Amino acid sequence: MLTFVAIIVDALVYASWLFLVAVGLTLILGVMRVLNVAHGGFYSFGAYTAAWAIGVYFERGLPDAGSFLVLAAAAIAVGLTLGVLIERGLLRWMYDRDEVVIALITYAVFLILEDAVLLIWGVNPFFAYQPSTLLGNTDIATLPFPNYDLALVGLAVLIGGILWWALSFTRRGKFLLAVIHDREMSVFLGINVSRLFTITFIIGAILGALGGAVTAPIISVTPGIGVEVIVLAFAVVVIGGMGSIAGAAVGSLLVGLAHSAAVHLFPQIELFMIYLVMSLVLAFRPRGLFSQAQMRRI
Amino acid sequence: MAADRTIPYIAGALIVACVACPFVPSWVVFIGIVSLAKGLVVLGLLVLWRTGLVSFGQSLYYALGGYAVGLAYRYGGLTDVFVAVILAAVVAGAVAFVLGFLLAGYRDLFFAMLSLAFAMILYGVLVKSESLGSTDGFTIPVPTFAGLGPGEEIAQIMLFVFTAACILAACYATQRYLSSTAGHLTTAIRDNEIRVEYLGYSVKRAIHTKYVIAAILAGVGGALVSLSVGHIDPEMTYWTTAGEFVFVAILSGSASVAAPFVGSVLFELTRSYAMQYTPLTWHMVLGAALLLLIMFLPNGLWSLFGKSARVQ
């Protein structure tokens with residue numbers, strides 16, 4: 001029974017974390033059809049900026065509760081700066097290239113961002129545990145769980161909800177859905193696709209940085225944290241079906257459950273659980289869980 | 001393509017390199033072996049890329065080749081290069097043959113991600129297996145050549161010659177394959193699959209074949225690299241290794257079978273120098289170089305050499 005509770009709660013927490021990390025990627029992929037490897041760079045930039053800002057914040061002795069705002073502000077600042085810089089400065093000249101080449105361009109950006117992190121913050125690890133310890137623990141069936149982790153679940157639900165609402169009920173969101181569905185037709189209908197691309201990329205970048213920022217308090221922020229995150233986020237996106245927010249949510253839950261079950265029951269296979277899930281899902285649903293039917297070109 | 005002189009040129013360049021081998025420092029020979037052997041992996045990617053497919057999991061076969069050699073030594077005491085390479089090719093080819101049944105139905109990103117998933121599963125298995133050396137991997141001794149067991153210096157040079165021979169054979173075979181009917185299906189599939197089906201060819205089988213070819217090349221490449229380095233570890237199958245191969249493939253361009261080797265040698269040299277002179281920012285140097293290349297040489301390095309290069 002205890003193991004069961006642990007598996008479920010851990011699964012929810014891990015799934016929420018995955019969703020937060022992957023949702024920006026799936027948004028960019030769905031709208032722009034850009035496989036954004038630089039997402040890992042946004043993640044590590046977000047984590048570093050947040051960890052550094054938290055450190056400065058607590059040194060000044062400012063009120064504890066404000067540290068959560070610091071996390072959010074760090075993410076927005078990083079996402080806005082990098083997003084504008086990369087989309088306006090680089091990517092917008094490249095949209096006519098092959099998808100693989102664009103992915104490679106973002107890979108180059110990722111490599112540059114990785115070392116930019118090293119140059120700015122050095123090789124020593126950063127710790128920003130304060131926001132996490134501040135919240136204390138909650139006992140669920142006698143097992144203590146950090147409230148911060150549980151708050152991540154809430155945040156994931158909130159972000160997912162906002163995105164779903166924005167896409168379904170706002171004018172801009174409906175434009176985005178139209179672009180996801182058929183880019184050329186949207187241009188003919190007078191949608192300013194170029195501006196939507198910029199906005200989408202910035203939002204995606206902010207979400208990526210937010211993923212890093214909220215992770216910073218529960219890990220030691222060291223060089224190379226972005227590398228693993230990219231493939232995890234890709235896996236979630238592919239499982240869910242490219243560009244589907246709901247797919248990313250379901251994909252995260254699936255992977256979260258499988259991962260946490262593996263951690264508690266079969267620790268040997270924990271490392272590649274996510275890839276196993278991905279292979280299985282793709283074997284039965286070749287384009288992911290929430291994929292649209294594709295037209296065949298003759 | 002009446003008089004294609006690619007193969008004679010490659011042969012000439014390799015012979016010059018082999019003759020020069022005893023006269024250059026041993027680290028040059030080492031980088032030569034490693035980069036040329038990695039070029040073999042990239043050559044496999046070229047075959048796939050002409051079909052419009054990118055595999056983010058060639059590291060799977062690269063590592064399988066390396067581990068086949070390592071395990072053959074560990075449990076069978078085999079150190080012969082000929083045995084090693086054949087074993088690596090067979091293992092990689094067999095695994096690719098099985099996985100190919102599933103993968104041949106996938107395209108684009110899904111092909112890339114599924115192949116990556118397989119590579120990462122192997123990574124997970126290797127890291128968790130104590131008997132396979134876990135994260136540290138294990139060492140492989142200096143290879144022997146059909147019973148000859150020269151010292152380390154000589155062995156490196158012999159390994160270089162052997163690598164050169166493998167490359168020549170691989171280039172010749174790949175060139176022959178690409179100019180056969182089955183080989184010409186590559187660009188045809190990339191342009192329009194359904195028409196290829198209407199012509200009476202099985203797209204699935206064609207992709208399956210190319211996947212196995214690419215895997216065999218990657219396996220041999222992995223075997224040669226691990227023999228030269230003398231060590232194997234799970235990092236060989238991590239996604240960054242696979243990403244590096246794709247990086248080199250796109251940087252080289254797909255116009256000629258020689259392109260992967262030129263690209264691979266330049267890449268290894270750039271990386272070695274960047275690591276030596278700017279140890280903290282060598283990623284940045286590589287990334288910037290890649291960006292510049294994509295912007296100014298969209299068809300890869302090879303477009304510098306051949307004006308008449310066939311480009312999509």
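Visitor: How many residues does α10(B) have, and what distance does it reach from its first C-alpha to its last?

Guide: In this predicted model, α10(B) has 14 residues and reaches 20 Å from its first C-alpha to its last, which is close to the 20 Å expected at 1.5 Å a residue.

Visitor: And is α10(B) largely enclosed or largely open?

Guide: Of the 14 residues of α10(B), 13 are buried, so the helix is largely enclosed by the rest of the structure.

Visitor: What comes just after α10(B)?

Guide: Just after α10(B) comes B:G253, and this glycine takes a positive phi of about 90°.

Visitor: What about α9(B), what should its 27 residues span?

Guide: Helix α9 of chain B covers residues 203-229, and at 1.5 Å a residue its 27 residues should span 39 Å; the end C-alpha atoms are 39 Å apart, which agrees. Because 22 of those 27 residues are buried, α9(B) is also largely enclosed by the rest of the structure.

Visitor: Which residue follows α9(B)?

Guide: That is B:G230, whose phi is positive, near 80°.

Visitor: Let's step back. How many helices and strands are in chain B?

Guide: Chain B contains 12 helices and 2 strands, and from the N terminus on the elements run α-α-α-α-α-β-α-α-α-α-β-α-α-α.

Visitor: What is the radius of gyration of chain B, and what would a compact globule have?

Guide: For 312 residues, a compact globule would have a radius of gyration near 20 Å, and chain B has 19 Å, which agrees. Along its principal axes, the C-alpha trace of chain B spans about 55 × 40 × 40 Å, and buried residues make up 51% of the chain. If you take the contacts in chain B with a separation of 6 or more, 81% of them are accounted for by residues 24 or more positions apart.

Visitor: Which residue is 204 residues from B:S254 in sequence, and how far apart are they in space?

Guide: That residue is B:R50, whose C-alpha is 6.9 Å from the C-alpha of B:S254. B:R50 is found in helix α2 of chain B, residues 26-50, and leaving aside its neighbours within four places in sequence, its contacts are B:T186, B:T187, B:R190 and B:S254.

Visitor: Is B:R50 buried or exposed?

Guide: B:R50 is buried, because 22 other C-beta atoms lie within 10 Å, where 20 or more are needed to count as buried.

Visitor: New topic: how many residues does each chain give to the contact?

Guide: The contact takes 35 residues from chain B and 34 residues from chain A. On the side of chain B that touches chain A, the elements giving two or more residues are α5 (108-128), α10 (239-252) and α12 (282-296) of chain B, and α5(B) gives the most, with 14 residues.

Visitor: How do the residues on that side of chain B divide?

Guide: On the side of chain B that touches chain A, there are 26 nonpolar residues, 8 polar and 1 charged.

Visitor: How many residues are in the largest nonpolar core?

Guide: The largest nonpolar core has 213 residues, and those with the most contacts inside it are A:M278 and B:A88. The largest share of this core comes from α1(A), with 18 residues.

Visitor: What is B:A88 in contact with?

Guide: Leaving aside neighbours within four places in sequence, B:A88 is in contact with B:G65, B:A68, B:V69, B:G219, B:V220, B:G222 and B:A223.

Visitor: Over in chain A, in which sense do β1 and β2 pair?

Guide: Strand β1 (residues 137-140) and strand β2 (residues 143-146) of chain A pair in the antiparallel sense over 4 bridges. A:N137 stands opposite A:P146, while the bridge partner of A:I140 is A:L143. The two strands form a hairpin with 2 residues between them, and A:A141 in the turn has a positive phi of about 50°.

Visitor: Where does A:R33 lie?

Guide: A:R33 lies in the loop between α1 (2-32) and α2 (39-59) of chain A, and it has a positive phi of about 55° although it is not a glycine. Most residues other than glycine have a negative phi. A:R33 is partly exposed, with 16 other C-beta atoms within 10 Å.

Notes. Residues are numbered from 1 along each chain as its sequence is written. Chains are lettered from A and ligands numbered from 1 in the order in which they are written. This is a predicted model: local features need pLDDT of at least 70, side-chain atom pairs count only at pLDDT 80 or more; totals for chains, interfaces and linings use all residues. Two residues are in contact if their C-beta atoms, placed from the backbone, lie within 7 Å. Ala, Val, Leu, Ile, Met, Phe, Trp, Tyr, Cys and Pro count as nonpolar, Asp, Glu, Lys and Arg as charged, and the others, Gly among them, as polar. Two strands pair if DSSP finds at least two bridges between them. The expected span of a helix is 1.5 Å times one less than its number of residues. A residue is buried if 20 or more other C-beta atoms lie within 10 Å of its own, exposed if 12 or fewer, and partly exposed in between; C-beta atoms are placed from the backbone. The radius of gyration is taken over C-alpha atoms; the globule rule is 2.2 Å times the number of residues to the power 0.38. A nonpolar core is a set of buried Ala, Val, Leu, Ile, Met, Phe, Trp, Tyr and Cys residues joined through C-beta atoms within 7 Å.
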